[in-house]
Amino acid sequence: MILVTGATGTIGRRLVRALAESGTRFRALVRDTAKGRELGCEFAVGDFDDPASVAAALRGVDRLLLNSGGALPVAGRQPMVRQQTTAIDLARAAGVTQVVKVSAWRPGPAAKLSVRAHWEIEEHLKASGLGWAMLQPTGYMQNFFTGEGGFAHGRAVAGPYGTGRVAYIDAYDVAACAAALLAGPPRGGATYALTGAEALTHEEIAGKLGVPFRDLPPRTAAAELRAKGLPDWFVEDLLWLYADLASGGMSEVTTAVRDLTGRAPRTFDEFLAAGA
Ligand SMILES: NC(=O)c1ccc[n+]([C@@H]2O[C@H](COP(=O)([O-])OP(=O)(O)OC[C@H]3O[C@@H](n4cnc5c(N)ncnc54)[C@H](OP(=O)(O)O)[C@@H]3O)[C@@H](O)[C@H]2O)c1
């Protein structure tokens, strides 16, 4: 039995659909009963902040999809670290053998925002003795519609992006990779750097979205973020991410999606045609 956490999120909803379509047995962890019913699959109600509820959801489970997000840092610490490391410990106690973790692009100790948090969780998972697979996606194409991370800015693509290229990925492809790993043969440990089919500048993306592009100097972007009420330290961390994007830190295109699913990842045009 597979337990899918973060089942109601950007990746989770698409993963639930992919597993259901392939006839794979799974259970979704949801915080809200109504959202569980909407998913239309077996579900358990639980919260990462309530370990007993996670332990109950893990009964009879041998594979875990570890995914969560959304919570803002508290005193500079991402709650996700405590939540996911606890879930890993509970999974081992429950007899889980394989964990597929939705991580982030190239996490490391010097990274900021949730990227560093993912590194801490990856280290914990690698040391757990469980089989693991790390999915390290670039940014999701869906961000342009949700405003996640401040990428969508009014009706323009605006930020200190310069001409740096980013190989954004459709969450649909991340979910397809997770489904392949969860339903496939067990693996000891492997990391997959997941990208879309092409690396585009934000000006090119704005053109595809049919909105203007505003390349903001970092100082202007910082002032706009502060004016929105974001604390200084968070703005600094966001500038770190922007600088990484502008310098081509997410411009590599990998073969991981094709390797795992047997087909190419979607291009930005294909993502838009599929209805986001
Ligand atoms: N967005 C990107 O471009 C990007 C790129 C690379 C990696 N990532 C990573 O991908 C992950 C998902 O990000 P996202 O923005 O796509 O998130 P999301 O769609 O908002 O999904 C978050 C999921 O986690 C669940 N969740 C949150 N807190 C929980 C808790 N305490 N207990 C149980 N479930 C909880 C949410 O459930 P509810 O429905 O109840 O809220 C939701 O299903 C994050 O770890 C993020 O760092 C994101």
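Contact here means heavy atoms within 4.5 Å. This is a predicted model, in which local features need pLDDT of at least 70 and side-chain atom pairs count only at pLDDT 80 or more, while totals for chains, interfaces and linings use all residues. Residues are numbered from 1 along each chain as its sequence is written, and side-chain values use heavy atoms, with hydrogens and water left out. Helices (H or I, at least four residues) and strands (E, at least two) are DSSP runs, numbered from the N terminus. Buried means under 20% relative accessible area, exposed over 50%, and partly exposed in between (1.4 Å probe, protein chains only).

**Ligand surroundings**

- The ligand has 24 residues around it, and T8, T10, K35, S68 and N143 come nearest; a residue is near if one of its heavy atoms lies within 4 Å.
- By class, this shell holds six nonpolar, 14 polar and four charged residues. Ala, Val, Leu, Ile, Met, Phe, Trp, Tyr, Cys and Pro count as nonpolar, Asp, Glu, Lys and Arg as charged, and the others, Gly among them, as polar.
- R31 places a polar side-chain atom 2.8 Å from an oxygen atom of the ligand. A polar contact is a pair of N or O atoms within 3.5 Å; within protein, one must be able to donate a hydrogen and the other to accept it, and residues adjacent in sequence count only if both atoms are side-chain atoms.
- In the side chain of D47, an N or O atom is 2.9 Å from a nitrogen atom of the ligand.
- S68 takes part through its backbone, where a polar atom is 2.6 Å from an oxygen atom of the ligand.
- The ligand taken alone exposes 910 Å², and the protein buries 85% of that; accessible areas come from the Shrake-Rupley method with a 1.4 Å probe, and for residues only the protein chains shown count as cover.

- Helix α8 (residues 202-209) has H202, I205 and A206 as its buried residues. Seen down the axis of α8, these fall within an arc of 100 degrees, so they line one face of the helix; the arc is that of the directions from the helix axis to the C-beta atoms.
- An α-helix has 3.6 residues a turn, so residues three or four places apart point the same way.
- E203 and G207 are exposed, on the face of α8 turned away from its buried side.
- The packing partners of the buried residues of α8 are α6 (143-146), β8 (156-159), β10 (213-215) and α12 (268-273).
- G210 follows α8 and has a positive phi, near 75 degrees.
- T201 sits in the loop between β9 (189-194) and α8, and counts as buried at 10% relative accessibility.
- Not counting residues up to four places away in sequence, T201 touches T163, G164 and R165.

**Buried residues in other helices**

- D173 lies in helix α7 (residues 171-183) and is buried, with a relative accessible area of 0%.
- The side chain of D173 reaches the backbone nitrogen of R266 at 2.8 Å.
- D237 belongs to helix α10 (residues 232-246) and is buried at a relative accessible area of 15%.
- Residues up to four places away in sequence aside, D237 touches K112 and L113.
- G12, in helix α1 (residues 10-21), is buried with a relative accessible area of 0%.
- G12 touches G6, A7 and N67, again leaving out residues up to four places away in sequence.
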